[in-house]
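Below are my entries, in the order in which I looked things up.

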Amino acid sequence: MEHITHFEDYEWGILEDLDEPLGINMATTYGVFQNGMGGYVAIDITNCIDGASTLWFSNDQPEYNLNFWDVVDEWIVIGLQDI
């Protein structure tokens, strides 16, 4: 639980620079997997039907409606390649 990020608890400078309207509710979104470089696999618990997640970056545009496990699996493989 100590590694889960509640998005509403943080200031996200990227919000002012988004090209499209914010596609998640910050009050109900949690980063449950992070890459250590400002990237998160996030779930909006009010909108996570069929495993939908958001790939969230602190310095780049988010990607919405991605399959949670596909993204987590890919990030784990990338992490293992760096070992």
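**Entry 1: strand E4.** I began with the side chains of E4. Ala-52, Thr-54 and Trp-56 point one way, while Ser-53, Leu-55 and Phe-57 point the other way, and all of them are buried. Strands (E, at least two residues) and helices (H or I, at least four) are DSSP runs, numbered from the N terminus. How many residues of E4 are buried? I found 6 of the 6, so E4 is largely enclosed by the rest of the structure.

**Entry 2: what I am looking at.** This is a predicted model, in which local features need pLDDT of at least 70 and side-chain atom pairs count only at pLDDT 80 or more, while totals for chains, interfaces and linings use all residues. Residues are numbered from 1 along each chain as its sequence is written, and side-chain values use heavy atoms, with hydrogens and water left out.

**Entry 3: the sheet.** In which order do the strands of the open sheet stand? I read E1-E2-E3-E4-E5, which makes 5 strands with antiparallel pairing. Strand E1 (5-6) and strand E5 (63-67) are at the edges with a single partner strand each, so one side of each has no neighbour in the sheet. Two strands count as paired if DSSP finds at least two bridges between them. As a reminder to myself: strands of a sheet pair through backbone hydrogen bonds, either parallel or antiparallel.

**Entry 4: pair by pair.** I then walked along the sheet.

- E1 and E2 run antiparallel and are joined by 2 bridges. His-6 has Tyr-30 of E2 as its bridge partner, and Thr-5 has Gly-31 of E2.
- E2 and E3 are also antiparallel, with 5 bridges. Thr-29 is partnered by Asp-44 in E3. These two strands form a hairpin with 4 residues between them, and Gly-36 in the turn has a positive phi of about 85°.
- E3 and E4 are joined by 4 bridges and run antiparallel. Here Ala-42 stands opposite Thr-54 in E4.
- E4 and E5 pair in the antiparallel sense over 3 bridges. Ser-53 is opposite Leu-66 in E5, and a hairpin of 5 residues joins the two strands.

**Entry 5: the helix.** Which strands does helix H1 lie across? I found that H1 (residues 68-81) lies across E2, E3 (39-44), E4 (52-57) and E5, and that it runs at about 160° to E3. Axes are lines fitted to C-alpha atoms, for helices over the stretch in contact, and angles run from 0 to 180 degrees between N-to-C directions. Contact means heavy atoms within 4.5 Å.

**Entry 6: Thr-5.** I went back to Thr-5, which sits in strand E1. Is Thr-5 buried or exposed? Thr-5 is buried, with a relative accessible area of 6%. Leaving aside neighbours within four places in sequence, its contacts include Tyr-10, Trp-12, Gln-34 and Tyr-40. I also checked Thr-46: it is 41 residues from Thr-5 in sequence and 16 Å away in space, C-alpha to C-alpha.

**Entry 7: two positive phi values.** Most residues other than glycine have a negative phi, and most peptide bonds are trans. With that in mind I looked up Asp-50, whose phi is near 60°, a positive value in a residue other than glycine. Asp-50 lies in the loop between E3 and E4 and is exposed, at 73% relative accessible area. Asn-65 is not a glycine either, yet has a positive phi of about 60°. Asn-65 belongs to strand E5 and counts as exposed at 62% relative accessibility.

**Entry 8: Gly-23.** Where is Gly-23 found? I located Gly-23 in the loop between E1 and E2. Gly-23 is partly exposed, with a relative accessible area of 39%. Gly-23 and Asn-65 are 42 residues apart in sequence and 9.3 Å apart in space, C-alpha to C-alpha.

Notes. Buried < 20%, exposed > 50% of the residue type's maximum accessible area, 1.4 Å probe, protein only.
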